[in-house]
Amino acid sequence: MSGRSIDHIVLAVRSLDQTAAAYQRLGFTLTPRASHEARMGTSNRLAQFAERSFMELLEVDRPAGIMPHRPEETPPVYSFGARNRAALAAREGISFLVFASEDARADLAGFKAAGQAAYAPFDFTRQAKAPDGTAAEVSFSLGFAVSPDMPGAPVFVCQNRAASFFWKAEFQEHDNGAKGMRAVWLATPAPERDAAFFASLFGGEARAADGGLDVSCGEVQTLRLRPPEAVAAVDRAFAPGALASPRFVGIELAGPGAVTIPSDEGAGMFVKWVAP
């Protein structure tokens, strides 16, 4: 095995209220709505899992103040808000895959040493509300990585600098029994090429599977790189012709659920259940 554990996915949606209601009907417990800094222009609700991964449902609700990308600077600046705004201009769906980090700045140095573009680190804080209604400040450091072959499938590492305030057991109990994120699916016409990008960042064993590749992410998680036809076989809401460029399309969750939630019911992301 090996590789880096998946921390979460960012699911960019046009209406956080409507999507949250849909996911609650699907049996997910969500954290209260929280707002990011003005330069990010976004608000979120989370589905935390006991295995210490989560889904972030995210809306661009204050677009006017979003910080732009600044590629001309040294190091270049990649904007979380600008990426989500651009993603939503095209469609709802997974806008980022996020990996866990103990030190985002060290990871960025590693990306540069591996020959990848090295963006500036991004630090931010926000207010979080605990199950009892009390508020606490949580803080994060992000490090972005974008393959030139996959501009529509960016990733970042997330260093959680206030983990004791962030993870709450009350938010990790779900009526549908979800325990953790076990896999993320990437639709790509070039699985071997794109697996090499992730290997340059984190390593991870790659194995041939179903016409594509599975890349290990820590002990129990997998990144599944699949050609468009294989994705459409799992979720008929995805037409192969619409997946010519690499993009993240779905997740697998550990839990007792048996029926795949298709992307047209999941705000552009399918949810597939696997045994705990």
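This is a predicted model: local features need pLDDT of at least 70, side-chain atom pairs count only at pLDDT 80 or more; totals for chains, interfaces and linings use all residues.
Residues are numbered from 1 along each chain as its sequence is written. Local features need pLDDT of at least 70 and side-chain atom pairs count only at pLDDT 80 or more, while totals for chains, interfaces and linings use all residues; side-chain values use heavy atoms, with hydrogens and water left out.

**Exercise 1.** Work out which residues Ser200 touches, not counting residues up to four places away in sequence.

*Solution.* 
- Step 1: Look for contacts, meaning heavy atoms within 4.5 Å. Ser200 touches Ala114 and Gln116.
- Step 2: Take Gln116 and compare sequence with space. Ser200 and Gln116 are 84 residues apart in sequence, yet 8.1 Å apart from C-alpha to C-alpha.
- Step 3: Check the side chains. Those of Ser200 and Gln116 make a polar contact at 3.0 Å. Such a contact is a pair of N or O atoms within 3.5 Å; within protein, one must be able to donate a hydrogen and the other to accept it, and residues adjacent in sequence count only if both atoms are side-chain atoms.

**Exercise 2.** Describe how the rings of Phe54 and Trp167 are arranged.

*Solution.* 
- Step 1: Recall the rule. Rings of Phe, Tyr and Trp (its six-membered ring) pair if their centres lie within 6.5 Å; planes under 30 degrees apart count as stacked, over 60 as edge-to-face and the rest as tilted. The structure holds 21 aromatic pairs.
- Step 2: Apply the rule. The centres of Phe54 and Trp167 are 5.8 Å apart and the planes stand at 75°, so this pair is edge-to-face.
- Step 3: Phe54 and Trp167 are 113 residues apart, and their pair links distant parts of the chain.

Key. Helices (H or I, at least four residues) and strands (E, at least two) are DSSP runs, numbered from the N terminus.
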